[in-house]
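Subject: Structure handover

Hello,

Here is the structure I promised to pass on. My notes follow below it.

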Amino acid sequence: MASLPDMTEMQIRRYARHIVLAEVGGMGQARLIAAKVLVVGAGGLGAPLLQYLAAAGIGTLGVIDDDKVDLSNLQRQVIHRTTDIGTAKVESARRALSDINPEVRVVMHPRRLEPGNAPQIINGYDVVADGSDNFATRYLVNEVCYRLHKTLVSAAILRFDGQISTYKAWQGAGHPCLACIFPSAPSEDAVPSCAQAGVLGSLAGTLGALQATEVVKEILGVGRSLSGRLLLYDALAATFETISVDKQPDCPVCGNRAGQA
Ligand SMILES: [Zn+2]
């Protein structure tokens, strides 16, 4: 990591509740300020995630989304306002984040993440948080993060259920990737989208906030990582469950035969 920046009086006041935490302190806060995080999707998960990361003082926040704000987004994508309808989500998000914390450098990527541009975009960041709404993007982000040795915090939500895990499969044994747990993406017909099946608005808040927490923990190197575990939240039952997940030797992304196709 680059040399740690000195903090100004204003920064010390802004981040006082972090700095007083033994697990963060001045050095930890300086690490957050020096960190570069890419958030994939400025939607339901991205909304709380981006706002908490900006408030935490993450120095560089990348936002990738090719969509515009739609009326039907506002039920859960609380970073956007009614007056933002029709505006690019990255621009709407940038305005909201600048209001929360003008010290954060927001980098807008108003495009869809694709195999052709993903490595170049992702390479500029330390940690990636995926809140995208489709399997193709989720698997692409997993594969590129594995190849570039980037820590990935990935979450998904549908109806009243959410799940989240952290992936750093390049660290070897005990660290599965997303494809170890879900070897192949289900067909788009097999699993309905949020548009078809619905999603509880506040569920996005719960899972997006959990993602922000795990991103901050990975940057600080504190607590227990979610790598190797999958956290499941059932909002109707009001239960959290954490299950262990294993690395698969025949995983198409991080397994022994990966890349031999
Ligand atoms: Zn794998």
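Leaving out residues up to four places away in sequence, Leu-53 touches Val-37, Val-39, Ile-58, Leu-61, Ala-212, Val-215 and Val-216. Keep in mind that this is a predicted model.

**Leu-53 and helix 4**

Leu-53 sits in helix 4, residues 46-55. Its relative accessible area is 0%, so Leu-53 is buried.

How much of helix 4 is buried? Eight of its 10 residues are, so helix 4 is largely enclosed by the rest of the structure. The buried residues are Gly-46, Ala-47, Pro-48, Leu-49, Leu-50, Gln-51, Leu-53 and Ala-54. Their cover includes three strands: strand 1 (36-40), strand 2 (60-64) and strand 4 (127-130). Helix 5 (89-100) and helix 10 (201-220) are also part of that cover. Just after helix 4 comes Gly-57, with a positive phi of about 90 degrees.

**The chain as a whole**

The chain has 10 helices and eight strands. Its radius of gyration is 18 Å. A compact globule of 261 residues would have a value near 18 Å, so the chain agrees with that expectation. Along the principal axes, the C-alpha trace spans about 55 × 45 × 40 Å.

Of the 261 residues, 49% count as buried. The accessible surface comes to about 12600 Å². Carbon and sulfur atoms account for 51% of that surface.

Now the contacts between residues at least 6 apart in sequence. Of these, 64% join residues at least 24 apart.

On charges, the chain carries 24 positive and 25 negative.

**The aromatic pair**

How many aromatic pairs does the whole structure hold? The search finds one. Tyr-233 and Phe-240 form this pair, and it is stacked. The ring centres are 4.5 Å apart, with 20 degrees between the planes.

Tyr-233 has 16% relative accessibility, so it counts as buried; the cut-off is 20%. Phe-240 is in strand 8, residues 239-244. Beyond residues up to four places away in sequence, Phe-240 touches Thr-206, Leu-210, Leu-231, Leu-232 and Tyr-233. The C-alpha atoms of Phe-240 and Gln-163 are separated by 9.5 Å, though the two residues are 77 apart along the chain.

Ser-154 belongs to strand 5, residues 151-158. Is Ser-154 buried or exposed? It is buried, with a relative accessible area of 6%. Its contacts, again not counting residues up to four places away, are Asp-130, Arg-138, Gln-163, Ile-164, Ser-165, Tyr-167, Leu-178 and Gln-211.

Most residues other than glycine have a negative phi. His-149 has a positive one, near 60 degrees. His-149 is found in the loop between helix 7 (135-148) and strand 5. Its relative accessible area is 48%, so His-149 is partly exposed.

Arg-159 is not a glycine either, yet its phi is positive, at about 55 degrees. Arg-159 lies in the loop between strand 5 and strand 6 (161-167). With a relative accessible area of 41%, Arg-159 is partly exposed.

**Arg-14**

One more residue, from helix 1. Arg-14 lies in that helix, residues 9-14. Its relative accessible area is 39%, so Arg-14 is partly exposed. Which residues does Arg-14 contact, leaving aside its neighbours within four places in sequence? They are Ile-100, Asn-101 and Pro-102. The C-alpha atoms of Arg-14 and Ala-56 are separated by 9.1 Å, and these residues are 42 apart along the chain.

Over to you.

Best wishes

Technical notes
Residues are numbered from 1 along each chain as its sequence is written. This is a predicted model: local features need pLDDT of at least 70, side-chain atom pairs count only at pLDDT 80 or more; totals for chains, interfaces and linings use all residues. Side-chain values use heavy atoms; hydrogens and water are left out. Helices (H or I, at least four residues) and strands (E, at least two) are DSSP runs, numbered from the N terminus. The radius of gyration is taken over C-alpha atoms; the globule rule is 2.2 Å times the number of residues to the power 0.38. Buried means under 20% relative accessible area, exposed over 50%, partly exposed in between (1.4 Å probe, protein chains only). Contact means heavy atoms within 4.5 Å. Accessible areas come from the Shrake-Rupley method with a 1.4 Å probe; for residues, only the protein chains shown count as cover. Lys and Arg count as positive and Asp and Glu as negative; His and the chain ends are not counted. The place of a charge is taken as NZ of Lys, CZ of Arg, CG of Asp or CD of Glu. Rings of Phe, Tyr and Trp (its six-membered ring) pair if their centres lie within 6.5 Å; planes under 30 degrees apart count as stacked, over 60 as edge-to-face and the rest as tilted.
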